[in-house]
Amino acid sequence: MWKKSFLVFLFSLSIQKVALDCERMRKTNEFPSPSLYSQTDTVMWGQNVSLSCFQQNKSLEITYFLFRDEKCLQTQDGKGEPVTFNLTISEARDLGPYKCKVQVANCAKYSQPFNFTFVDPVTAPVLNISIIQTKTDRYIALRCISFNGSLPIDYIFFEKNINISPVISKNVRKPAEFNITESNTAEVKEYRCKAKNRLPNHAKYSQPVTIASTGGDCGPFCLQFLLPGLLLVLIVIILILVFWMLPKYKARKAMKDSAPRVYGNTPMEAGIYANVCENQADEKPVPGLEPKQCVSRAEYSQEIHYAAPMFQQVAPRDQEDSNNSKGGYVYSELVF
């Protein structure tokens, strides 16, 4: 019986000693609260992250516990070095809050809560350039925007690989703008911009935009603005000519279609008309009819005009006139 009482006495003394030691460590700050941290507090879905828990006491064997809300996720033992807990952010509850608990015997302390923040990565920004050209200078407005990604987004403008602007931060989905004034030059300029939010190592660059040289005056730079106007003027002139010539063409075609046609072999007709002229030249003039002038084929060898003949019978003359005639010819007039 006395042995049992002695064991109970020793156990109570050990508990009191531990309690006294824990109280002493708290008072002397030998067992401070641990710190819980990560290399980044911004994450994407599916990202693997690490949480490190560290207690400054390097002489004690310490047990480390990782909690998310009230649930214990992992346990590790360590001494004098931080312990690392590996996690995967796959859903909203994985963002936290997390706490680290360190324990020595019955003495335990907790860290401050730690939370991750979800950030949507930026997409490649779009760079737009507008230019106002004068005789001596040109004013360039650079506008850069990323249409996706968690805000705020920081923008920086570059000429080739040289930074030419300060960091322009946007808390709303609007383009960042940077203005440049420079003298006309023969050098070709190339610009681009960079977009970055709180997510590390996920900065994106725009496609480079090139500005043609001015050659000290307007040159090719102005030509790119004049070409659309010249093309428009050319199209208008073509349309005017088409609408002006089309009615004349239709009228000429209508006159040609309404004119009487003479069908037959063209060389034969030419020969017939030529023979008529030659025969008329050999005949004597008929009384009562005016002599018709015959056009020489040699004078108009290059162009022959045709007409449809209309024949009209002439009334017979007196018997005495017809007795003097050599043959029985009947003449008719050709009306052109």
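Start by selecting Glu 182: with a relative accessibility of 13%, this residue counts as buried (buried is under 20% relative accessible area, exposed is over 50%, and partly exposed is in between, using a 1.4 Å probe and protein chains only).

Before you click on, note that this is a predicted model, where local features need pLDDT of at least 70, side-chain atom pairs count only at pLDDT 80 or more, and totals for chains, interfaces and linings use all residues. Residues are numbered from 1 along each chain as its sequence is written, and side-chain values use heavy atoms, with hydrogens and water left out.

Glu 182 makes a salt bridge with Arg 138, and their closest N and O atoms are 2.9 Å apart (a salt bridge is a side-chain nitrogen of Lys or Arg within 4 Å of a carboxyl oxygen of Asp or Glu). This pair links distant parts of the chain, 44 residues apart: Glu 182 is in strand β15 (residues 176–183) and Arg 138 in strand β11 (residues 137–145). Strands (E, at least two residues) are DSSP runs, numbered from the N terminus, as are helices (H or I, at least four). Arg 138 is buried too, at 0% relative accessibility.

Next stop: Lys 189, which is buried at 11% relative accessibility. Which residues join Lys 189 in a network of salt bridges? Select Glu 159 and Glu 187 to see them. Lys 189 meets Glu 159 at 3.3 Å, N to O, while for Lys 189 and Glu 187 the closest N and O atoms are 3.8 Å apart. Glu 159 is partly exposed at 22%, and Glu 187 is partly exposed at 40%.
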